[in-house]
There are 2 protein chains.
Amino acid sequence: MPTPSKHSRHPVLTALGTAIRQSRRKLKLSQEELAQLVGMDRSYIGQIERGENSVAMLPLVAIAEALNTTVAALMTEAGL
Amino acid sequence: MPTPSKHSRHPVLTALGTAIRQSRRKLKLSQEELAQLVGMDRSYIGQIERGENSVAMLPLVAIAEALNTTVAALMTEAGL
């Protein structure tokens, strides 16, 4: 899962990453804490937040749940 | 991209696949026609619609655009 995507920093991924970062910060969670909640590497969370990973649906749902939100809400926040 | 996911038929993926299929059928597009619009294999579209592929963000955005909708709207329809 932590494989960097060749599509790094696509505007879509940057927008989603920003929405995830904002949701995480609202909950006062560190990347490390979010990573532990979802059972992923901190570096993977960092990649997603920077728009460097075309994250797949299942990890995205896990991240949304850990952030007490939904994928639909994250997408709406990201304007996607 | 057409690699089947080990997470096949997860309820999240089934829900998203159903929302994509419904949007495609509203536009009276075949899987083949949608596949051509987004430059993917028909079999990959079929996998996604059946919930057999944990589709990543960039192909998902391409599919949503081809269906004249947004990822947020698809997620909302899927209850995600």
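In the predicted model, Ala56(A) is the residue of chain A that comes closest to the rotation axis, with its C-alpha atom at 1.9 Å. Two copies of a chain are related by a rotation about an axis and a shift along it. Here, chain A is superposed on chain B by a rotation of 180° with 0.0 Å of shift along the axis, and the RMSD is 0.0 Å. The two copies are therefore related as by a two-fold rotation axis.

The contact between the chains was examined next. In chain A, 19 residues are in contact with 19 residues of chain B. Of the interface residues of chain A, 100% are also interface residues in chain B, so the copies meet through the same surface. About 1,400 Å² is buried between chain A and chain B, and carbon and sulfur atoms give 81% of this area. Three residues, Met57(A), Leu58(A) and Leu80(A), supply 41% of the area that chain A buries against chain B, more than any other three residues.

On the side of chain A that touches chain B, at least two residues are supplied by each of α1 (11-26), α4 (57-66) and α5 (71-78). The largest share, five residues, comes from α4(A). Sorted by class, this side of chain A has 14 nonpolar residues, five polar residues and no charged residues.

Polar interactions across the interface were also counted. Eight residue pairs are in polar contact between chain A and chain B, with both residues at pLDDT 80 or more.

One salt bridge within chain A joins the side chains of Glu52(A) and Arg9(A), at 2.7 Å from N to O. Glu52(A) lies in the loop between α3 (42-49) and α4 of chain A, and Arg9(A) lies in the segment before α1 of chain A, so the pair ties together parts that are 43 residues apart in sequence.

As to annotation, the unreviewed UniProt entry assigns "domain: HTH cro/C1-type" to residues 20-74 of chain A. In the model, the span 20-74 of chain A is 67% helix and 0% strand.

Definitions and conventions. Residues numbered from 1 in each chain as written. Chains lettered and ligands numbered in written order. Predicted model: local features only at pLDDT ≥ 70, side-chain atom pairs only at ≥ 80, totals over all residues. Heavy atoms only, no water. UniProt positions renumbered as here; feature names shortened; annotations may be inferred. Helix = DSSP H or I, 4+ residues; strand = E, 2+ residues; numbered from the N terminus. Least-squares fit on C-alpha atoms with pLDDT ≥ 70 in both. Contact = heavy atoms within 4.5 Å. Buried area = accessible area lost by both parts, 1.4 Å probe. Polar contact = N/O pair within 3.5 Å; in protein donor to acceptor, adjacent residues only side chain to side chain. Nonpolar A, V, L, I, M, F, W, Y, C, P; charged D, E, K, R; others polar. Salt bridge = Lys/Arg side-chain N within 4 Å of Asp/Glu carboxyl O.
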